[in-house]
Amino acid sequence: MVDLLRDSFYELKRHVAPGVDGVTWQTYEAGLEERFADLHRRVHRGVYRAQPSRRVYIPKPDGRQRPLRIAVLENKIVQQAVVMILTQIYEEDFRGFSSGFRPGRNTHHALDALSVALTRKRVNDVLDCDMRGFFDTLAHAWLVTCFQHRVADPRILPLIQKWLRAGVSQESQWSETTVGGPQGAVVSPLLANVYLHYVFDLWVEAWRKRVVQGDMVVVRFAEDFVLGFEHRREAERFLAALRDRLHQFGLELHAEKTRLIEFGPHAIANRKQRGEGKPDTFDFLSFTHICERNRKTGYLTVRRKTARKRMVAKLKALHQQLRQRRHEPIAKTGQWLGSVVQGYFNYHAVPGNMRPLDTFRRRVIRLWRQQLRLRSQKTRQHWRRLKVLIQRGLPSQHILHPFPRVRFDAMHPR
């Protein structure tokens, strides 16, 4: 157990904000073995106490605030150890259409699976689902019941219950948590996957086998999921059943953001015949998915471009950071900005997304130049230096990801 705690400690990020106790990763590393021995003894004897999390808020793309809980380091260590144990158990149970926060899977695997499913299956309608405040409404009793189906170790369930009830601290005021999960905690992704495995995955799998006659596809990444249907009436029937199912477990679909839209080869022709224009688009994992026909082959293709609200949010954040860095050396700011743009490209540089990448790069350069103008009157001199730094350090846009079918077929050979 001590070795597991040590491995968990070194798996954690080292430069993050501390919890309510103010203990950082570097501080905890001093006297590490003694701390691990004491922590192991408390966990083994059942006297370990989960400390409350510190409440912070981060801005969302729509202007609202997303609440996060920053746990103390000891909570993170024990949570990471439990996640490492339970992941080995639940990986045998989790379904293939679930990709969120699992070993060997990431957002692009979910995006690939969705794109391949929409083009290879007979899909005419897409159900784009959005849950209202998933982590804020997660029912503790149901979550514990879910874990009881699979976990036999009597020490694990009390630990999970302690983390759920630890509460939050905001401006030195402690408040109890009777509902909701610790969003932002190390254990949160596992809690979400286990809860939705029983609430959604197993149920939708059984519903597809029992009710659906045409094709139906499902892709889920954490609490975000998209479904495709061949028959409209089955999609409408499923949506009604899904609302009832989620309601039983304290969850709710967002009425305005959950949409059933025409999407597929027949949608293009049908909407054109009715004079309704191009099919609607939907957003999933920061990409807008567009239904089109390939000009050469005539077959359906799903084009993906960066969701506008995601790009706008990123540019707003960069604008604020550039203002804070306005008086730093230009070369230093250029080096930092180059790493930021490269990180953005690493995620968004998918086939068919070249124009939004170019737009993002040009707007970043414009923001940087604006800050240099505000910095001093030597605009021309700064602009000459800036152009050199842009050519040397700011990456140019190019595609970094393969076509979805290529990576999907490599991961799932038939």
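**Helix 7 and helix 9**

I looked up how helix 7 (residues 140-148) lies against helix 9 (residues 188-210): their axes come within 9 Å and cross at roughly 80°. That makes helix 7 roughly perpendicular to helix 9. I am working on a predicted model, where local features need pLDDT of at least 70, side-chain atom pairs count only at pLDDT 80 or more, and totals for chains, interfaces and linings use all residues. Residues are numbered from 1 along each chain as its sequence is written, and side-chain values use heavy atoms, with hydrogens and water left out.

My terms are these. Helices (H or I, at least four residues) and strands (E, at least two) are DSSP runs, numbered from the N terminus. Axes are lines fitted to C-alpha atoms, for helices over the stretch in contact, and angles run from 0 to 180 degrees between N-to-C directions. Angles under 35 degrees count as roughly parallel, over 145 as roughly antiparallel, 65 to 115 as roughly perpendicular and the rest as oblique.

Next I listed the contacts (heavy atoms within 4.5 Å). From helix 7, W142, L143, C146 and F147 meet L191, V194, Y195 and Y198 of helix 9. The residues of this contact divide into eight nonpolar, no polar and no charged. Here Ala, Val, Leu, Ile, Met, Phe, Trp, Tyr, Cys and Pro count as nonpolar, Asp, Glu, Lys and Arg as charged, and the others, Gly among them, as polar.

**Cysteines**

I searched the whole structure and found zero. The closest cysteine sulfur to that of C146 is in C129, 19 Å away, too far for a bond. C146 is also buried, at 4% relative accessibility. Buried means under 20% relative accessible area, exposed over 50%, partly exposed in between (1.4 Å probe, protein chains only). For C291, the closest sulfur is again in C129, 18 Å off and too far for a bond. C291 is buried too, with 6% relative accessible area.

**Helix 12 and helix 14**

I then took helix 12 (residues 308-324) and helix 14 (residues 354-375). Their axes come within 10 Å and cross at roughly 25°. That makes helix 12 roughly parallel to helix 14. Among the residues in contact are M311, L315 and L318 from helix 12, and F360, V364 and W368 from helix 14. The contact residues divide into nine nonpolar, three polar and three charged.

**A loop with positive phi**

Last, I checked the loop between strand 9 (282-284) and strand 10 (287-293), where L285 sits. L285 has phi near 55°, positive in a residue other than glycine. L285 is buried at 13% relative accessible area. S286 is in the loop between strand 9 and strand 10, and its phi is positive at about 75°, although S286 is not a glycine.

Terms used
A disulfide is a pair of cysteine sulfur atoms within 2.5 Å.
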